[in-house]
Amino acid sequence: MEISSNADKYTTLRKRFQAFYYDGYEFIRKKEYIAVTFHFRLDDAYSFRPGMKIKLMKGMETSHISDEHLQYLIFNIGMVELISYWKAACPAKVIIKPYFLSEKQINFWKKLYFNGLGEFFYRNDIRSTEKDFMSIICEADRATEKLRFHTTKNFVVPVGGGKDSVVTLQLLNEFAGSEREVLPFIMNPRGASLETAENAGYDKKGIFIIERSIDQELINMNSEGYLNGHTPFSALLAFTTLLVSAFSRNRYIALSNESSANEATVPGTNINHQYSKSKEFEDDFRNYVKDFISDDFEYFSFLRPLTEFQIARIFSLYDQYFKSFRSCNVGSKQNEWCGKCPKCLFTYIILSPFISPEEMKSIFGNNLLDDEDQMKNYMDLSGQSDIKPFECVGTYEEVNNSLAVTASYYQETEHTPRLLNHFMQSKLYKKYSGVSVADQVLNGLQQHNLPKDLAQKLAQYMLKVFCR
């Protein structure tokens, strides 16, 4: 794992820059879209104007969203967006101008920023605490009461194009039937996300799309050597889904974050690449929305009760998505599997117990378990090195259970893939080979926030699929 010792740079930049300012935002309402521009500033040295274009679906009525309602929803999105720009220099003060925030709200944001930047601090070798890394100061007296929306029992489902959002979209459509609608939402569409929605039966007119843009000034600063690193994108997605829910009047927002997102990336610490996908963040976000935004949204992760192993089994039942889904961040712009990163290998491992080697090779272009160049990633994923990859991957247990099941298929074959052979020669094989597929897929449902009716349907589905 590459670690850059930027502790001195962090200290120098904090002395050079006194404050980061959230000056405000502006938006333009059109019939077809709403264009949003945020105004951020690093002292008077740098100004940032990131934006969003909210594409309104044909025939969508928006008069029920007043400018006042829209402003407050946009403001909260900006509170997440700003962290991508603050982290370039990490000034000690963050000045918030549009709205007043209570102490409880400030504590929410500081916790999100600090934990959401856990990987950023770790990989830049920066030492700080949640108390000291920043102060949030509000210069406005303007506060707002909770908003009221008239929402239905329909669903919003963010679609990224990986196996997880495939399973959520597919199952919710099956569970909802003809009585409740499921609306796919895509931020910055790419091939896999659009094809996932299309394979689920939607055309482009039936998808809610938001295009997010990054200010070029930040990209320039990154190239000049300012601090850079991972930010809590899923938190930005969470606050953006409230906007989608408000426009569509759909009460239920169903994410696709599984139970493994709760596990720390660096064992023995709170550093988690997937913090903003964790149940801890989900619970905090739900409370923040109920306390300060509205009672009319219900945000939860549909896959939280399940393990990666269980999700992979469900995904394997829907082969119409095999050729279109993508989970590789490296190859996302080209809409392909790079075949070299930890995310590619993890996805290959978790699906291998359920999809034939021939089909897996067709999906990924190569047998990744037979690729010696993936040895380090295999060691990291299986817990044979100090930390997990900083990717959205499953737990050590899920990886090793999957490898053990896959290894059992190769016991009497002439050639065992190289990584699998390494696993079979290790102590891990003996430890995990006694666990059956049935034991793994029928693990009890994990703690979750699913509405009761959905939790019951998911449990019934699990029994139907895994006991037949």
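This is a predicted model: local features need pLDDT of at least 70, side-chain atom pairs count only at pLDDT 80 or more; totals for chains, interfaces and linings use all residues.
What radius of gyration would a compact globule with 468 residues have, and what does the protein have?

View 1. A compact globule of 468 residues would have a radius of gyration near 23 Å, and the protein agrees, because its value is 23 Å. Here the radius is taken over C-alpha atoms, and the globule rule is 2.2 Å times the number of residues to the power 0.38. Residues are numbered from 1 along each chain as its sequence is written, and side-chain values use heavy atoms, leaving out hydrogens and water.

**View 2. Helices and strands of the protein.** Look for 19 helices and 11 strands; these are DSSP runs numbered from the N terminus (helices: H or I, at least four residues; strands: E, at least two). Of the 468 residues, 60% count as buried, meaning under 20% relative accessible area with a 1.4 Å probe, protein chains only.

**View 3. Asp164 and its surroundings.** You will find Asp164 in helix H6, which covers residues 163–176. Asp164 has a relative accessible area of 17%, so this residue is buried. Leaving aside residues up to four places away in sequence, Asp164 touches Ser256, Glu258, Leu303, Glu308 and Ile311 (contact means heavy atoms within 4.5 Å).

Methods. Buried means under 20% relative accessible area, exposed over 50%, partly exposed in between (1.4 Å probe, protein chains only).
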